[in-house]
Amino acid sequence: MALFAEHVANIQGLILRGYTHPYSCHLLFSFDVPAKAPGFLKALYPSVTSAEAWGTAKPQVLLNIGLTFTGIQSLGVLAPSDLENFPQDFAQNPAEEIGDVGPSAPANWWYGRFSSSDVHCIVHVYALSAEALTQKVGEVTSSASQWGVRERLPLKSGSGRIEGYLREDGTVHFGYKDGISNPSLDDDEQSQAPEALNSFLIGYSASSASQPAPTEGKALEFAKDGSYMAFRIMHQDAAAFEGFLTQQAERVYQKLGRSLEETREWIAAKMMGRWRNGSPLVLSPERPDKKTQDETSFGYTEVGDPSQDIQSSFRCPFSAHIRVTHPRDEELKSIVSVPPRLLRRGMPYGPTLTSSTDDGVDRGIVGLFICGSLARQFEMIMGWINRNNFSPVYAPDEDRQDGVCGNRDKNLPIKNTFTIPMPAGEAIQLEGLPQFITTRGMIYALLPSMATLRMLAGLPSTLVPKEPASGS
Ligand code: HEM
């Protein structure tokens, strides 16, 4: 049976759709007066976007709501014994295990203004124009003040709010095109594939190995048709990244027989696994190519002479970001029962760096990583980013990291060298990888179903047909 068709009106749009509205704001709230919080949810409910089709016109504004474990707890609708049925990972925030240490540690998150457990609710607003965004954010924040809900301002710059935007060319800071590869969800309820919708959506799994929890009782009723989300603000040091490319290119460009600029781009591609225009190295090993820039279907072990590529990764280095976060046909260690996948809904925040030195302005990625199990999907991939030890291909160098995203903290058992295997001669070693990414904060939330939002808002449980979408 197809899950999608049956339940689409009950699932929040953010889970199933990759929004392309260019303006967004991600508002963090605490339910200071929990008894009044249902009034806030009731005020927002008519604006909440489900995964139903929009028809021909894109709505001007989209809105989705996430609730944290402490948020659900504070609403008092589930007894402590029901709350225990939620997975441990959702209730905790295991920063250390996923490499958020040193400057990325929780003590430094949100500029020390509050802790993630103070956040009860996240409201995501997306809009087609800056004006529409401002208007909806104004409505949301005035409802919040009316209903005893306190807004938390997590950033130092601008309004203090997290304001993400999409660039026309789809690039993020560091200049790479993003938003290319996401799982194409298989909505067969019986599917046991890693990309099965039932391993992202609570309440359906056909496989005990990938079954999202809770799996029984009132907690299941509450969470059904929802997904978990790791909401992560990641600062990007664009000056350090570009400076590293220049420094390393100067060392090797003559040996490679490429110009300095070409070598910078070549190193950037090796670290990501895609050229900055999006072309995957596996399909376009020598240079970026418009024809391949949106390609997602390729493997790492079947290119050219398979034995040569699997052993030496001449095209795409083993520790390239996309190879670590989605190893495709790479052999995994047997402890990985289901290869982890994530739905990514990210976008940049902060202005583009226009100089070659750091200007002290905060910029980076607003990362929304959606899954059915934070531990088996999100945290597993975070672990792989910080230590490449998940496949036999890394042995004996299992202390390597993702070239772009690893936390290089000196207290982690890692070697901050990026290896680029070469078909002729020795591999190129990029020594002294700097810390490019710093976690500014992270929140785990449940994106509950429309029915659960209605229940919390004190609205009738049956679906109320929505007005047809307006806008262009
Ligand atoms: C600031 C930090 C990050 C940057 C700049 C970044 C950038 C990118 C870019 C440019 C791509 C290639 C485009 C695409 O495939 O859509 C990509 C792919 C991906 N990233 Fe990240 N990313 C970051 C952090 C993360 C984190 C923390 C995770 C996981 C927890 C992650 C998971 C993924 C996954 C799963 C893919 C798709 C790989 C594929 O299917 O080929 N990324 N990222």
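Tyr111 sits in the loop that runs between helix 6 (88-91) and strand 3 (121-127). In this predicted model, the phi angle of Tyr111 is near 50°, a positive value in a residue other than glycine. Most residues other than glycine have a negative phi, and most peptide bonds are trans. Tyr111 has a relative accessibility of 27%, so it counts as partly exposed.

Arg328 also has a phi near 50°, again positive in a residue other than glycine. Arg328 belongs to the loop between helix 12 and strand 7 (343-344). Is Arg328 buried or exposed? Its relative accessibility is 19%, and Arg328 therefore counts as buried, because the cut-off for buried is under 20%.

**Cis peptide bonds**

Ala213 and Pro214 are joined by a cis peptide bond, with omega at about 0°. Pro214 is placed in the loop between strand 5 (162-165) and helix 8 (217-223). A cis peptide bond also joins Ala395 and Pro396, and omega is about 0° there. Pro396 lies in the loop between helix 13 and strand 10 (418-420).

**The ligand and its iron atom**

Which protein residue is a donor to the iron atom of the ligand? The single donor from the protein is His321, through its NE2 atom, at 2.1 Å. His321 is part of helix 12, which covers residues 321-325.

Around the ligand there are 26 residues, and those that come nearest are Ile180, Ser181, His321, His326 and Arg344.

| Residue | Protein atom | Ligand atom | Distance |
|---|---|---|---|
| Ile180 | polar backbone atom | oxygen | 2.5 Å |
| Arg344 | side-chain N or O atom | oxygen | 2.6 Å |
| His321 | polar side-chain atom | nitrogen | 2.9 Å |

Several elements of secondary structure take part in the shell around the ligand. Strand 6 (227-236), helix 12, strand 9 (364-371) and helix 13 (374-386) each supply at least two of its residues. Which element gives the largest share of the shell? Helix 13 does, with four residues.

**Asn386 in helix 13**

Helix 13 also contains Asn386. With a relative accessibility of 9%, Asn386 counts as buried. Leaving out residues up to four places away in sequence, Asn386 touches Ile98, Gly99, Arg400, Gln401, Gly406, Asn407 and Ile414. Gly160 is 226 residues from Asn386 in sequence, and their C-alpha atoms are 29 Å apart in space.

**Two domains**

The domain assignment divides the chain into domain 1 (3-234 + 441-457) and domain 2 (237-343 + 351-437). The contact between them takes 54 residues from domain 1 and 53 residues from domain 2. Taken over C-alpha atoms, the centres of the two domains are separated by 28 Å.

Thr438 is located in strand 12, which spans residues 437-447. At 13% relative accessibility, Thr438 is counted as buried. Apart from neighbours within four places in sequence, Thr438 is in contact with Pro103, Ser104, Ile233, Met234 and His235.

In soluble globular proteins, nonpolar side chains tend to be buried together. In this model the largest nonpolar core has 132 residues, and the members that touch the most others are Phe40, Phe86, Val123, Met271 and Phe378. At least three residues of this core come from each of domain 1 and domain 2.

What does Phe40 contact, once neighbours within four places in sequence are left aside? The residues are Phe29, Phe31, Cys121, Val123, Val140, Ser143, Ala144, Trp147 and Val149. Val123 is in this list, and Val123 is also named among the core members that touch the most others.

**An exposed loop residue**

Ala53 is found in the loop between helix 3 (37-44) and strand 2 (61-67). Its relative accessible area is 70%, so Ala53 is exposed, since exposed means over 50%. Ala53 and Ala9 are 44 residues apart along the chain, and 8.9 Å separate their C-alpha atoms.

Methods. Residues are numbered from 1 along each chain as its sequence is written. This is a predicted model: local features need pLDDT of at least 70, side-chain atom pairs count only at pLDDT 80 or more; totals for chains, interfaces and linings use all residues. Side-chain values use heavy atoms; hydrogens and water are left out. Donors are N, O and S atoms within 2.8 Å of the metal (3.2 Å for Na, K and Ca); water is not among the atoms, so sites may look incomplete. A nonpolar core is a set of buried Ala, Val, Leu, Ile, Met, Phe, Trp, Tyr and Cys residues joined through side-chain atoms within 4.5 Å. Buried means under 20% relative accessible area, exposed over 50%, partly exposed in between (1.4 Å probe, protein chains only). Domain bounds come from an automatic or database domain assignment. Contact means heavy atoms within 4.5 Å. A residue is near a molecule or strand if one of its heavy atoms lies within 4 Å of it. A polar contact is a pair of N or O atoms within 3.5 Å; within protein, one must be able to donate a hydrogen and the other to accept it, and residues adjacent in sequence count only if both atoms are side-chain atoms.
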